[in-house]
Each structure stands twice: as C-alpha cells, then as structure tokens.
Amino acid sequence: MTDKVKELVSKCLQARDMAYCPYSRFPVGAAILTADGAIITGCNVENASYGLTVCAERTAIQRAVAEGHRQFAAIAVTCDIKDRFVGPCGACRQVLMEFGSDWIVYLAKPDGSYKETSLSELLPLAFTPAHLGKN
C-alpha cells in the first residue's frame, strides 16, 4: 500500500466517525484524492425527511468542488460492515461519473483492509456528460 493510498483509506475511516446517522445508524465515510494530491473527506448526513439525506461520497465531491477541484484520481469509501467490501450507491456512482470514469475506487473495511476497483467497473455503460452533446 503506497503512503497516499494508506492516507486516503485512513481519512475515509476518520470521516466515517463524523457521520450524522441517527436514523439508519449506518455511518459511511469517504475520502477523495484530487488530481493535484489534496484529500477531501465527507460523511453521510441524514435528515428526518429521508430523501434529503446526503451520502458520504456526495458530501466529499461537493466539498471538493466548492474548494475549486474538478479533476480527481481516486476515492476511498468505508462503512461499519466488517465481513465484506461495500461500494457506493448507484446515485453516488453517477455523481462521481460526472467528473470522469478513470477514478480508482478503494472499498475499505473498518480494519483498514481494502479492495481496489474502478468507477468504470462499478458503473459500466454509464450515462456521462458526453451523451448530452449527441442529440
């Protein structure tokens, strides 16, 4: 594990601990590695009006964009499930795809072990911004 991947996984684990999830009790953390090497974190933030809940991955991407980042290299995601790797929900996969399909995705367990995959693998045949110019 490279130092940058180790740091990314560590930051997503820390972000999970900040989750606001009083309804599901399912904390999720995410950490995004920008193209210029910055790490931006996010956690899920639930709402009593369930549809207004924001996932950790979307919190992280929104923070990154608000800080001026538009190019990304990787994301690490974690939750409290210990016996298997859990990926982002479909909505989060689509939001990440807005910024390119070449992301490396690290699915991390609470103990810090992880599985490497890619956004293209998690969301094959994706709808992308390029499709909007084809009508």
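Arg 16 is buried, with a relative accessible area of 12%; here buried means under 20% relative accessible area, exposed over 50%, and partly exposed in between (1.4 Å probe, protein chains only). The model is predicted, so local features need pLDDT of at least 70 and side-chain atom pairs count only at pLDDT 80 or more, while totals for chains, interfaces and linings use all residues. Residues are numbered from 1 along each chain as its sequence is written, and side-chain values use heavy atoms, with hydrogens and water left out.

Side chains of opposite charge can pair when their charged atoms come close. A salt bridge is counted when a side-chain nitrogen of Lys or Arg lies within 4 Å of a carboxyl oxygen of Asp or Glu, and this rule gives four salt bridges. One of them joins Arg 16 to Asp 17, with 3.3 Å between the closest N and O atoms. Asp 17 is exposed, at 56% relative accessible area.

Arg 16 also forms a salt bridge with Asp 80, where the closest N and O atoms are 3.3 Å apart. This pair links distant parts of the chain, 64 residues apart: Arg 16 belongs to helix α1 (residues 3–16), and Asp 80 to the loop between β3 (72–78) and α3 (90–97). Helices (H or I, at least four residues) and strands (E, at least two) are DSSP runs numbered from the N terminus. Asp 80 is partly exposed, at 40% relative accessibility. Taken as a group, Arg 16, Asp 17 and Asp 80 make up a network of salt bridges.

Another salt bridge brings together the side chains of Asp 83 and Arg 84 (3.6 Å, N to O). Asp 83 is exposed at 60%, whereas Arg 84 is partly exposed at 48%.
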